Amino acid sequence: MKHKKQLFTPGPSNVPDPILEELSKDVIHHRMGDYKKILEDVTGKLKSVFKTSEDVLILTSSGTGAMESSIVNLFSKGDHVLVINTGNFGDRYIEIAEVFGLKVSSLKYEWGNTYSLAEVKQFLADNTDVKGILMTYHETSTGVLNDVKRIGELTKDTDTLLITDCISGMIVHPFEFDQWNVDCAVASSQKGFLLPPGISFVSISKKAQKQMERSNLPKYYWDYKKYYDYLKKGQPPFTPAIQLIVGLNKALTYILEKGVTTINTEKQELRTYTEERFKEIGFTLFIEDESIRGNVLVPVVPTNKDLDIKKLTKILDETYDLSVSKGQGQYVTKMLRIGILSEIGKDDIDDLIGKIKAIV
Ligand SMILES: *Cc1c(COP(=O)(O)O)cnc(C)c1O
């Protein structure tokens, strides 16, 4: 075990020691030259991670703030949007869009499933006024990885924007902002980026930047135009979480040197390993279709229906310092979600399995 408290949670995750050290360095000032250099560095590295030629904006907020920013910058009151809803975070995009007076339609899928492409196509054919599709790449409430590329093929060469919540999906799965024709992608520091919570990242396509001009929703702190204007000067519009951006520079160097593809493969192997180990100790996999299983977490359900998940996670956390997530929504007492982000390895999974065996 590398940390006093080992987080088997789908974000936040443990922060590797070299990055923790970076975070504890002296504070620098965001209007000075040394910060400008770091901002330019991290923006370049974020572009490599997002696989885009567009600038990636950094917001001081958790992921939900970045989701809200995408709505207020890219749409207007009354705009019709479609939410592809495969779980809790699909619900969240619906709630945000409704708060801002958008006309929200949704295609809702049972937890543990992905969307039906035919239904999305049909919806778009029947509703030619749709201004945007909002979807979750990796749905953290269920562990399902939704195919973004196929939706990009539908919105490409149309006026409809494709907005993707990639908050947990980035880094541990392939992602291609430009090639997949994504118009807005949001990500957040505390999931795959090896950092604590506090900053989020947004990239916007040329097509979406044009739509930004017609958006009439109120915004001040979230106004992307301010971020673009200041970025030209190598500055943020407001005081950012300076330490996190310094840490981000270190984290991105590590991620890019290792290679996102290598990380994808390693995480996929760890996911399969974790699945097998949990099957051995009386759990079944929540997602039947292997092709839609993501690499952020492993969702499992105990075969013994009397197993008290709440008690199990409490003992693991309080007695053994192993924090494991429960399910969300209707699965709160029925599911474990074992997060495998950051530095978690097979030995950590073995350790967790040993502790669970001792408890149940
Ligand atoms: C974590 C997460 C969020 C945002 O959560 P915050 O707590 O606001 O950072 C949104 N969507 C998904 C898919 C997530 O995993």
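1. By class, the lining of the largest cavity in this predicted model consists of 14 nonpolar and 4 polar residues, with no charged residues. That lining is made up of 18 residues, and those that lie nearest the centre of the cavity are Leu39, Ile58, Tyr227, Pro236 and Pro237. The elements that give two or more residues to this lining are helix 2 (33–50), strand 2 (56–59) and helix 8 (224–232), and strand 2 gives the most, with 4 residues.

2. A probe the size of a water molecule, rolled over the atoms, shows where empty space is left.

3. A separate point concerns an annotated lysine. According to an unreviewed UniProt entry, Lys191 is listed for "modified residue: N6-(pyridoxal phosphate)lysine". In the model, lysine 191 lies in the loop between strand 9 (184–188) and strand 10 (200–204). Is lysine 191 buried or exposed? Lysine 191 counts as buried because its relative accessible area is 10%, while the cut-off for a buried residue is under 20%. Leaving aside neighbours within four places in sequence, lysine 191 is in contact with Pro10, Gly11, Ser13, Ile167, Ser168 and Leu341.

4. Helix 9 (residues 242–258) can be checked for its length. At 1.5 Å a residue, its 17 residues should span 24 Å, and the C-alpha atoms at its ends are 25 Å apart, so the two values agree. The expected span is taken as 1.5 Å times one less than the number of residues.

5. Which residues of helix 9 are buried? They are Ile242, Leu244, Ile245, Val246, Gly247, Leu248, Asn249, Ala251, Leu252 and Ile255. These buried residues pack against helix 1 (17–23), helix 2, strand 2, strand 10 and helix 10. Helix 2 and strand 2 were also named above among the elements that line the largest cavity. Just after helix 9, glycine 259 takes a positive phi of about 100°.

Terms used: Residues are numbered from 1 along each chain as its sequence is written. This is a predicted model: local features need pLDDT of at least 70, side-chain atom pairs count only at pLDDT 80 or more; totals for chains, interfaces and linings use all residues. Side-chain values use heavy atoms; hydrogens and water are left out. On a 1 Å grid over the protein atoms alone, a cavity is a set of points where a 1.4 Å probe fits but cannot get out, and a pocket is an open set with protein on both sides within 12 Å along at least five of seven lines; lining residues have an atom within 4 Å of a point. Ala, Val, Leu, Ile, Met, Phe, Trp, Tyr, Cys and Pro count as nonpolar, Asp, Glu, Lys and Arg as charged, and the others, Gly among them, as polar. UniProt positions are given in the numbering used here, feature names are shortened, and annotations may be inferred rather than shown by experiment. Buried means under 20% relative accessible area, exposed over 50%, partly exposed in between (1.4 Å probe, protein chains only). Contact means heavy atoms within 4.5 Å.
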